Amino acid sequence: MVVQAAAADDVFESNPLQARAALRRTEEAGRQALAELRGFLRTVRADGGADEAALQPTLADVPRLTETMNQAGPAVTLLREGDGQVPPGVQVGVYRIVQEALTNTLRHARASSAQVLLDIDETQVRVRITDGGRGGAPGRGGGHGLVGMRERATLLGGTLYSGPRWDAAGFEVDARLPIREGS
């Protein structure tokens, strides 16, 4: 990872495409190292290692998340359409995207309400979070929430739009995460 980062730095000005490729390899190596570290830690835990999947949030946890948000700020409506087998990794992705989007609504939107739509069919889970807020003050934020949601969706083979709503005032996050074997 250090070599790849140094290579990216060396060619950053003269060859941005090569620098970007080196950064992607660095990211991939980092993700692989984290996965290997998690596996190692599971094998050496004194308690025999808890099932990591059991510790991750699922679709069943989204209603509790929206209820918690209701108590903290804007009124959140949850609508779930469809049903199907959603792999654990996709369920975690859905939960984290909803969590980050609602956190952004609370922090930045100045909205009185938000809506969460989970639409599940045999090919994908659509996650759409909308609010009617006015947005944050210019220059506010600076975090990595939107980028992180987009990266999570991409990692799962999906897409994510975030930005002003086209159908009304406010902001939306709209993710489409495929359901496939091995997700």
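Q: Which exposed residues sit on the face of H4 turned away from its buried side?
A: In this predicted model, the face of helix H4 that is turned away from the buried side carries Arg64 and Gln71, both of them exposed.

Q: And which residues of H4 are buried?
A: Helix H4 covers residues 62-72, and its buried residues are Val62, Leu65, Thr66 and Met69. Seen down the axis of H4, these buried residues fall within an arc of 95 degrees, so they line one face of the helix.

Q: Why would residues three or four places apart point the same way?
A: An α-helix has 3.6 residues a turn, so residues at that spacing point the same way.

Q: What do the buried residues of H4 pack against?
A: They pack against strand E1, which spans 75-82, and also against H5 and E2.

Q: OK, moving to H5: how do its axis and that of H6 cross?
A: The axes of H5 and helix H6, the latter made of residues 145-155, come within 10 Å and cross at roughly 165 degrees. Angles over 145 degrees count as roughly antiparallel, and H5 and H6 are therefore roughly antiparallel to each other.

Q: Is that crossing left-handed or right-handed?
A: The crossing of H5 and H6 is left-handed.

Q: Which residues meet there?
A: From H5 come Val92, Gly93, Arg96, Ile97, Glu100, Ala101 and Asn104, and in H6 they meet Gly145, Leu146, Met149 and Arg152. Sorted by class, this contact of H5 with H6 has 5 nonpolar, 3 polar and 3 charged residues.

Q: What about glutamine 91, where is it and what does it touch?
A: Glutamine 91 lies in helix H5, and, leaving aside residues up to four places away in sequence, glutamine 91 touches Pro57, Thr58, Leu59 and Val86.

Q: How far apart are glutamine 91 and threonine 58?
A: In sequence they are 33 residues apart, while in space their C-alpha atoms are 5.0 Å apart.

Q: Does glutamine 91 count as buried or exposed, and why?
A: Glutamine 91 counts as buried because its relative accessibility is 15%, and the cut-off for buried is under 20%.

Q: Last topic, arginine 110: where is it, and what is its phi?
A: Arginine 110 is placed in the loop between helix H5 (88-109) and strand E2 (113-120). Although arginine 110 is not a glycine, it has a positive phi of about 55 degrees.

Q: And what is the relative accessible area of arginine 110?
A: The value is 46%, so arginine 110 is partly exposed.

Methods
Residues are numbered from 1 along each chain as its sequence is written. This is a predicted model: local features need pLDDT of at least 70, side-chain atom pairs count only at pLDDT 80 or more; totals for chains, interfaces and linings use all residues. Side-chain values use heavy atoms; hydrogens and water are left out. Helices (H or I, at least four residues) and strands (E, at least two) are DSSP runs, numbered from the N terminus. Buried means under 20% relative accessible area, exposed over 50%, partly exposed in between (1.4 Å probe, protein chains only). Contact means heavy atoms within 4.5 Å. The arc is that of the directions from the helix axis to the C-beta atoms. Axes are lines fitted to C-alpha atoms, for helices over the stretch in contact, and angles run from 0 to 180 degrees between N-to-C directions. Angles under 35 degrees count as roughly parallel, over 145 as roughly antiparallel, 65 to 115 as roughly perpendicular and the rest as oblique. A crossing is left-handed if the near helix is turned anticlockwise from the far one by less than a right angle, and right-handed if clockwise. Ala, Val, Leu, Ile, Met, Phe, Trp, Tyr, Cys and Pro count as nonpolar, Asp, Glu, Lys and Arg as charged, and the others, Gly among them, as polar.
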